[in-house]
Amino acid sequence: MEKSFRKYSYLFLGLSILLLLFFAMDLLMGAVLLPAGDVWKALTGGAEVPDYVQAVVMNFRLPKAITALLAGMALSVSGLQMQTTFRNPLADPYVLGISSGSGFGVALFILGTSVWGFSSVLWLHNLGMALAGWIGAFVMLAIVTAASLRLRDTMSMLVMGIMVGGAVSAMVGVLQYFSEATALKTYVIWTMGSFSTINPEQLSLMVPTIILGLLLALMTMKWLNALVFGDVYAQSVGLHVKRARTVILLISGLLAGTVTAFCGPIGFIGIAVPHVSRMLFGTANHRVLMPATMLLGGVVMLMSDIISQLPGTDTVLPVNTITALLGIPVIIYIIFRNQRGF
Amino acid sequence: MNTSIEIKQLAIGYGNTAGRAKGAILPPITATVKSGELLALVGRNGIGKSTFLRTLAGQQASIDGMILIQDKPLFAYTRTELSRLVSFVSTDIVRIPHLKVFDLVAMGRFPYTSWIGKLKVNDKMLVYDALEMVGLRQLSWRNIDTLSDGERQRTLIARALVQHTPIMILDEPTAYLDIIHKYEIMNLLRQIAHRENKTVLFSTHDLNIALNVVDKMWIMTDTEILEGGPEDLVVSAAFEKMLGRNNLSFDRLSGEFELNHRLIKDIAVKSRLDIRWLRHALERLNYKIIQNPSSVPKDTPVLSYESNKGVLRFQYTFKKEEQQFSTIYELCNYLRSIPD
C-alpha cells in the first residue's frame with residue numbers, strides 16, 4: 001500500500017513541476033522569445049520593464065496561458081466524468097457531440113446575430129456566446145443521456161454522437177449559407193480553436209466559471225468511485241444514482257460548454273488525458289484520478305499551445321490540429337488494447 | 001436467533017419496463033430467514049431468482065406484498081440506511097482497467113466515508129481484514145483484471161464484507177467456477193454467516209454442494225417457494241417438484257440429480273464386489289441389471305466381475321461366447337459395438 005501512495009506523491013509532484021514549467025514556457029515563447037527576467041518583472045509589477053514586454057505579457061500571453069491551462073483542465077475533467085458516468089472508455093465532450101451542441105449554440109449566436117442583424121454590446125456579446133455554448137452543451141447532454149438509457153453498448157453511443165455531430169454541422173452549413181462574410185469569418189476562426197482570441201471580458205467570465213466547475217467536480221469523486229462499478233453496485237452502497245449522474249453531467253456540460261464557447265471545439269484531449277492518467281498512476285480510484293487528470297490536462301494543453309505557436313515564428317497553427325495529433329494515437333492505442341470493454 | 005428477513009405475500013416482477021412482460025412473474029412468495037443463517041436459493045434458469053434477490057436487496061421495487069428487514073418494512077428505510085443493512089454481489093463481471101483489488105474492496109466503505117470519500121485508518125484496516133478473511137491479503141495491490149475468476153469472486157465478497165451489513169445477498173456467486181472453487185466460495189460464505197453472525201443469502205445451481213453447507217434452502221418452483229433445512233427438503237420430496245417434466249430424477253440417498261435411463265436390455269451380473277459404478281456404466285448403456293440371479297434366462301448375457309490381487313476382471317458371456325476386459329471402459333466399448 002505504502003508503495004502505491006509514495007508513487008502517487010512522486011507523480012503529483014512531477015506533474016506539478018511540469019505544469020509550472022510549461023506555464024512559464026508558454027509565457028516566454030511566442031512570436032518573439034522574451035527574457036525570463038523581464039517576464040517575471042512584468043508579472044510582479046517591477047520597474048524597468050520595456051513597455052512592449054509589459055504589453056505582450058499582460059495583455060496577450062498571460063491571458064492565453066491561463067485560458068490554455070483552464071481549458072485543458074476543464075476538458076479533461078469533463079472527459080473523465082463522461083467516461084465514468086456513461087461507462088464508456090471513448091466518451092468525451094467532443095466524441096459524444098457535446099462540443100458540437102455547444103458549437104451549434106455559438107454558431108446560432110455568431111451567425112444568427114448577423115442574419116437577424118442586431119448589433120451587440122461587447123459584454124452582452126460575450127455573455128451571449130457563453131450562454132449559447134452552455135445551452136447547446138446541456139441540450140446535447142440531455143439528448144445523449146436519454147440515448148444512453150436505451151443504447152447500452154459503447155459503439156452505438158459513439159455512432160450516435162457522430163450522427164448528431166453530422167446533423168449539427170449540416171445545420172451550421174445552412175446557417176453559414178445565409179450569413180455575412182464578417183460573421184462567417186469570426187465563426188470559421190472560432191471553429192479552429194484558439195486561446196489567443198480571448199478578450200479580458202471573456203476571461204473574467206470564463207475563469208470563475210471553470211474554477212467553479214473544477215471545484216464542483218472535485219466534490220463528485222466519491223460518486224464517480226461508485227458509479228464506475230455500474231448502477232447496481234452504486235445503488236447498493238447507497239448512492240442516488242440518477243441524482244448523482246445528473247449533477248455530474250451538469251458539471252461536465254458546464255465545463256465543456258464554457259471551453260467550447262470561448263475557445264472553439266477542441267477535440268481528443270477529453271478522451272486521451274484521463275486514459276493517460278489511468279496508465280500513469282495505475283489506478284481507477286477517482287480520488288487520485290481526478291486531480292491527476294486535472295494536472296495532466298493542464299500540462300498537455302499548455303504543451304499544445306506552445307507547439308501551436310511554432311516558437312520563434314509568426315506562424316500560429318490551430319490548437320485543434322495539435323491536440324488531434326497528440327490525442328489520436330493514444331485513442332487508437334486504447335481501442336486496440338481495450339477490445340474487451342471499459 | 002431473531003428473524004432477519006421476513007417476506008409476506010411478495011409479488012415480484014416488472015412494471016412498465018420496455019421489453020418485459022408487465023406484472024408479477026411468480027405467485028406471491030412467503031418466506032423467512034433468521035440472522036446468522038446461510039441460505040441457498042435454488043430453481044431452474046429463468047424462474048426469477050435474480051429478480052427475487054434484486055427485490056430483496058432493494059434494487060428493484062416489488063409489485064405487491066411486504067418485505068420486512070429486521071422487523072421494519074424495506075421501503076421505510078432510506079437508501080443510506082439500507083446500504084448499511086444489506087450488501088449485494090451481482091453477477092456482473094467487474095471489468096475496469098487499472099482497478100486495484102484494494103480500491104474495489106474499499107468501495108464497500110462508501111456508506112461510511114465523508115462526502116469526499118477519504119478512507120480513515122479504521123476503514124483501511126477493515127479492508128485489509130476483509131481481504132485477509134477471503135485469503136487475498138497478498139494480492140491487495142494487484143490489478144483486478146489479473147485475477148482468476150475465483151479470486152475475483154472472493155474480492156467481491158470482501159467488498160460486501162467491508163460494507164458491514166447484517167445481511168449479505170449474492171447472485172450466483174459460484175457461477176463460472178470449477179468444483180474446487182465452488183466449494184471454497186460456499187465454505188467462505190458459511191464462515192461469514194456463522195462466525196460473523198451475518199445472514200447470507202445466495203442463489204445457486206450447485207445444488208449438491210449447497211446441500212452440504214447451507215442451513216436453509218428456498219426452492220423456487222413455478223407455483224411456490226418451498227423452504228426448509230436442506231435435509232427436510234430432501235425427505236419431503238421438495239426437489240422433485242423443482243424438476244418438472246423431463247427425464248431427470250432426484251436421488252434422495254445421494255442428494256444428486258440423475259438422468260433417467262431407459263433400461264431396455266437385461267444383463268445378469270455375478271459379483272461379490274460393490275457394483276455401484278459398474279451399474280452406473282451399464283445403466284448409461286440402457287442395461288437393466290439382474291444382480292446375482294439364481295438362474296439366468298437363455299437370451300440374457302451374463303457378466304461376472306471379480307478382483308484378483310487388485311486386478312479387475314470382467315467376463316462377458318453370451319451364447320457361449322466369452323469376452324474378457326480389465327476396465328469398465330473397454331467393457332462399454334464392446335457392449336456398444338454389439339448390434340441391438
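User: Where is Lys309(B) found?
Analyst: Keep in mind that this is a predicted model. Lys309(B) sits in the loop that links strand S17 (302-308) to strand S18 (311-318) of chain B.

User: Is Lys309(B) buried or exposed?
Analyst: Exposed, because its relative accessibility is 83% and the cut-off for exposed is over 50%.

User: And what about the phi of Lys309(B)?
Analyst: Lys309(B) has a positive phi, about 50°, although it is not a glycine. For background, most residues other than glycine have a negative phi. Lys320(B) is another non-glycine with a positive phi, at about 65°. You'll find Lys320(B) in the loop between S18 and strand S19 (321-325) of chain B, and at 84% relative accessibility it counts as exposed.

User: OK, switching to sheets. In what order do the four strands of the open sheet in chain B come?
Analyst: The order is S4-S1-S6-S7, with antiparallel pairing. Strand S4 (29-34) and strand S7 (72-73) of chain B are the edge strands, each pairing on one side only.

User: Which helix packs on that sheet?
Analyst: Helix H1 (residues 49-56) of chain B does, touching S1, S4 and strand S6 (64-69) of chain B. The direction of H1(B) makes about 120° with that of S1(B).

User: How many bridges join S1(B) and S4(B)?
Analyst: Five, in the antiparallel sense, with strand S1 covering residues 3-11 of chain B. To pick out one position, Ile7(B) stands opposite Ala31(B) in S4(B).

User: What about the open sheet with six strands?
Analyst: That one, also in chain B, runs S8-S9-S10-S5-S11-S12 and its pairing is mixed. Strand S8 (86-89) and strand S12 (225-228) of chain B each have a single partner strand, so one side of each lacks a neighbour in the sheet. The twist from one strand to the next averages 15°.

User: In which sense do S5(B) and S10(B) pair, parallel or antiparallel?
Analyst: Parallel, over four bridges, between strand S5 (residues 38-42) and strand S10 (residues 199-203) of chain B. Ala40(B) has Phe202(B) as its bridge partner in S10(B). Helix H6 (residues 179-195) of chain B lies across S5, strand S9 (167-170) and S10 of chain B, at about 155° to S10(B).

User: Let's go to chain A. At what angle do H3(A) and H11(A) pack?
Analyst: About 145°, with the axes of helix H3 (residues 51-85) and helix H11 (residues 241-263) of chain A 9 Å apart. Their crossing is left-handed. By class, the contact has 12 nonpolar, five polar and one charged residues.

User: And how do H3(A) and H8(A) cross?
Analyst: Roughly at 35°, where the axes of H3(A) and helix H8 (residues 200-218) of chain A come within 10 Å. The crossing of H3(A) and H8(A) is left-handed. On the H3(A) side the contact includes Pro63(A), Ile66(A) and Leu70(A), while Leu203(A) and Met206(A) are among the H8(A) residues they meet. That contact counts 14 nonpolar, two polar and no charged residues.

User: Which residues touch the most other members in the largest nonpolar core?
Analyst: Phe229(A), Leu189(B), Met217(B) and Phe239(B), out of 125 residues in that core. H3(A) gives the most to this core, with 13 residues. There's also a second, separate core of 29 residues, which includes Ile7(B), Ile47(B), Leu82(B) and Leu85(B).

User: What does Phe239(B) contact, leaving aside neighbours within four places in sequence?
Analyst: Its contacts include Leu207(B), Leu211(B), Met217(B), Phe250(B) and Phe257(B).

User: Last one: where is Thr283(A)?
Analyst: In the loop between helix H12 (269-281) and helix H13 (286-308) of chain A. Thr283(A) counts as buried, because its relative accessibility is 0%.

User: What does Thr283(A) touch, not counting residues up to four places away in sequence?
Analyst: Tyr8(A) is one of its contacts, and His98(B) and Asp103(B) in chain B are also among them. Thr283(A) and Tyr8(A) are 275 residues apart in sequence, and their C-alpha atoms are 9.6 Å apart in space.

Notes. Residues are numbered from 1 along each chain as its sequence is written. Chains are lettered from A and ligands numbered from 1 in the order in which they are written. This is a predicted model: local features need pLDDT of at least 70, side-chain atom pairs count only at pLDDT 80 or more; totals for chains, interfaces and linings use all residues. Side-chain values use heavy atoms; hydrogens and water are left out. Two strands pair if DSSP finds at least two bridges between them. Helices (H or I, at least four residues) and strands (E, at least two) are DSSP runs, numbered from the N terminus. Contact means heavy atoms within 4.5 Å. Axes are lines fitted to C-alpha atoms, for helices over the stretch in contact, and angles run from 0 to 180 degrees between N-to-C directions. A crossing is left-handed if the near helix is turned anticlockwise from the far one by less than a right angle, and right-handed if clockwise. Ala, Val, Leu, Ile, Met, Phe, Trp, Tyr, Cys and Pro count as nonpolar, Asp, Glu, Lys and Arg as charged, and the others, Gly among them, as polar. A nonpolar core is a set of buried Ala, Val, Leu, Ile, Met, Phe, Trp, Tyr and Cys residues joined through side-chain atoms within 4.5 Å. Buried means under 20% relative accessible area, exposed over 50%, partly exposed in between (1.4 Å probe, protein chains only).
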